[in-house]
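Thanks for coming. I will take one model and go through a few of its parts.

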Amino acid sequence: MIIKHAKIYTPRHTFEEGDLFIREGRIVPFAQPEAGEEVLDAKGAYALPGLVDIHFHGAMGKDFCDGTEAIQTLADFEASKGVLAICPATMTFSEEILNGVMDAAAAHRNGKGADLVGINMEGPFISPKKVGAQNPEYLHPADVGMFRRLQKRANGLIKLVDVAPEEPGALESIAHTCTSYDTACAAFDAGATHMTHLYNAMPGITHREPGPIIAALERGAEVELITDNVHIHPAMVRFTFRTFGDDHVILIADSMMACGLPDGQYSLGGQAVTVKGPRATLTEQPGTIAGSATCLYDCMKRAVLEMGVPLESAVRAASETPA
């Protein structure tokens, strides 16, 4: 196939009009037209790289922690939305429950959906004061032995582990935290490089208590951003792109099982969730946001159309940077 006259996202992080030659399912440079091949005129349309979601929990009534069947459902749904690589997130559960999740992920063989390229372990090593929509019943102190056992079962698929660095033995990562600026800096110095859903479930910025967000900025960390227009005000999204840069911002969906389905009652990590429009909240705690009901592609669109983020920056933050 030849896709002609598309606005192609380039390695220079710009859109330039050109042609894409596809041979045996792959884009190849500088090919010659072949007799009888399909030609698609994409004049006025954009050609985007496949998106990469490194933090979401579910969609289409399935949660990643549901196991084998759920993973393919999620992979197929994500691919239908232009997301071609996924690193879904677990919830805060016991090691016994997480064992089953890791076994299912290790056994997964993709049919036609997005590639399962990793696991994001969101909990159980988080702060009891910043659990958000996680289940406090299963909180666990940071435990290297537990992680190694889970990683072995997952065949090395765990790529991210969310940890509150102020908790004992947990200085290597930052998420769901009450950490101070100084402790956050110590965590980055110890090897942390990543901030889970920036602004959510962590202290904010004040002039005397700069907190972990400023520490992340000064240490050059990559930061996740949920741009569903529920979790973060558009002005803060623009602020984050201007300060951190699109090479350090990672757009995520943080979607739960209601994504792709109508409003109603769902669950997340064993807790009841009510979904109305784009907002998902714990049924018993309506003031607590419980993930999103928006896929990564739509989060990227909202960032551009509703929040004023340049298209090139939003695409980079939803594809190249998370990759």
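First, the ground rules. This is a predicted model, in which local features need pLDDT of at least 70 and side-chain atom pairs count only at pLDDT 80 or more, while totals for chains, interfaces and linings use all residues. Residues are numbered from 1 along each chain as its sequence is written, and side-chain values use heavy atoms, with hydrogens and water left out.

Helices (H or I, at least four residues) and strands (E, at least two) are DSSP runs, numbered from the N terminus. Start with helix H4, residues 181–189, and helix H5, residues 211–219: they pack at about 35°, and their axes are 8 Å apart. Axes here are lines fitted to C-alpha atoms, for helices over the stretch in contact, and angles run from 0 to 180 degrees between N-to-C directions. The H4–H5 crossing is right-handed, that is, the near helix is turned clockwise from the far one by less than a right angle.

Contact means heavy atoms within 4.5 Å. On the H4 side, Tyr181, Ala184, Cys185, Phe188 and Asp189 take part, and they meet H5 residues including Ile214, Ala215 and Arg219. By class, this contact has eight nonpolar, one polar and three charged residues. Nonpolar is Ala, Val, Leu, Ile, Met, Phe, Trp, Tyr, Cys and Pro; charged is Asp, Glu, Lys and Arg; the others, Gly among them, are polar.

Which residues of H5 are buried? Gly211, Pro212, Ile213, Ala215 and Ala216 are, where buried means under 20% relative accessible area with a 1.4 Å probe, protein chains only. Their cover includes H4, strand E13 (194–195), strand E14 (222–226) and helix H6 (234–244). After H5 comes Gly220, with a positive phi near 70°.

Now the loops. Leu198 sits between E13 and H5 and is buried, at a relative accessible area of 0%. Beyond four places in sequence, Leu198 touches residues including Ile213, Val223, Leu225 and Phe244.

Cys259 lies in the loop between strand E15 (249–252) and strand E16 (264–268), and is buried too, at 2%. Cys259 and Gly58 are 201 residues apart in sequence, yet 7.1 Å apart in space, C-alpha to C-alpha. Gly58 is also among the contacts of Cys259, as are Phe77 and Cys295.

Last, the pocket. Strands E1 (2–9), E2 (15–23), E3 (26–28) and E9 (83–86) each supply at least two residues of the lining of the largest pocket. That lining divides into twelve nonpolar, two polar and four charged residues.

Note on methods
Buried < 20%, exposed > 50% of the residue type's maximum accessible area, 1.4 Å probe, protein only.
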